[in-house]
Amino acid sequence: MKFFIDTANLDEIRSAAELGVLDGVTTNPSLIAKIVGDPLNFTYNDFKAHIRRICEIVDGPVSAEVTCLKAEEMIAEGEDLASIHENVVVKCPLTIDGLKAIRHFSACGIKTNATLVFSPNQALLAAKAGADYVSPFVGRLDDISTDGMELVEQIVTMYDNYGYPTEVIVASVRHPQHVVSAAMMGADIATIPYGVIRQLANHPLTDAGLKKFMEDAAVMKK
Ligand code: E4P
């Protein structure tokens, strides 16, 4: 199973990379907006430079999302994003226009991540259009009282049934149990916020056991 970090924050990306568990990065316009200091002075070139910096930190797929709605515009923007670095994956929304763009990128060897996926049929379309990755948003489904992980289970089964090579990225992860469920279902990847990556290491019995070991070790003379 691969772990991506779901952030555009360079400090968080560096810290997660230092743990040795990081296989890639996903960003989206909202995550980019969070790292922008002064929106009046943040240009498209600054965005591209930021994606380049992420690619220099992590040697793995880095999803950068298109910011337009029409297929022709997505294609132009996506080709430009793909030129930043060989590890850039163009993230396209799962819309009719997004599917057209994914098909185009697939034909010319540009990697894609179909995003904003909320149904099994959207995931099927992504695979058929040739997306390299599909991102079901589990947390946002949970937010509206729908079982997000059930969608992941359906997608994994469907892709296995037909041997689609599209990798499933469990996205919109909110807590460690999402990661456990993703692994149990055989999802290829979980893209995880930095805080949740840190939570994965936590256990109160580890803390309690370590405290006792430290106390007992203190009786030894150095
Ligand atoms: C990742 O690809 C998605 O953009 C991200 O996981 C969405 O997460 P959110 O629902 O917490 O915004």
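1. In this predicted model, the buried residues of helix α8 pack against several elements: the strands β5 (112-117), β6 (133-136) and β7 (167-170), together with the helices α6 (120-129), α7 (138-143) and α9 (176-185). The residues of α8 that are buried are Gly-148, Met-149, Leu-151, Val-152, Ile-155, Val-156, Met-158 and Tyr-159.

2. The length of α8 is consistent with its residue count. Helix α8 comprises 15 residues (148-162), which at 1.5 Å a residue should span 21 Å; the C-alpha atoms at its ends are 22 Å apart, in agreement with that expectation.

3. Just after the helix, Gly-163 adopts a positive phi of about 70°.

4. Val-179 lies in helix α9. Its relative accessible area is 6%, and Val-179 therefore counts as buried, the cut-off being under 20%. Beyond its neighbours within four places in sequence, Val-179 contacts Met-1, Phe-3, Val-173, Ile-192 and Leu-200. Phe-3 is 176 residues away from Val-179 in sequence, yet their C-alpha atoms are 9.3 Å apart in space.

5. How do the axes of helices α1 and α3 cross, and at roughly what angle? The axes of α1 (residues 10-18) and α3 (residues 44-57) come within 10 Å and cross at roughly 10°; the two helices are therefore roughly parallel to each other. Leu-10, Ile-13, Arg-14 and Ala-17 of α1 meet His-50, Arg-53, Ile-54 and Ile-57 of α3 in this contact. By class, the contact comprises five nonpolar, one polar and two charged residues.

Note on methods:
Residues are numbered from 1 along each chain as its sequence is written. This is a predicted model: local features need pLDDT of at least 70, side-chain atom pairs count only at pLDDT 80 or more; totals for chains, interfaces and linings use all residues. Side-chain values use heavy atoms; hydrogens and water are left out. Helices (H or I, at least four residues) and strands (E, at least two) are DSSP runs, numbered from the N terminus. The expected span of a helix is 1.5 Å times one less than its number of residues. Buried means under 20% relative accessible area, exposed over 50%, partly exposed in between (1.4 Å probe, protein chains only). Contact means heavy atoms within 4.5 Å. Axes are lines fitted to C-alpha atoms, for helices over the stretch in contact, and angles run from 0 to 180 degrees between N-to-C directions. Angles under 35 degrees count as roughly parallel, over 145 as roughly antiparallel, 65 to 115 as roughly perpendicular and the rest as oblique. Ala, Val, Leu, Ile, Met, Phe, Trp, Tyr, Cys and Pro count as nonpolar, Asp, Glu, Lys and Arg as charged, and the others, Gly among them, as polar.
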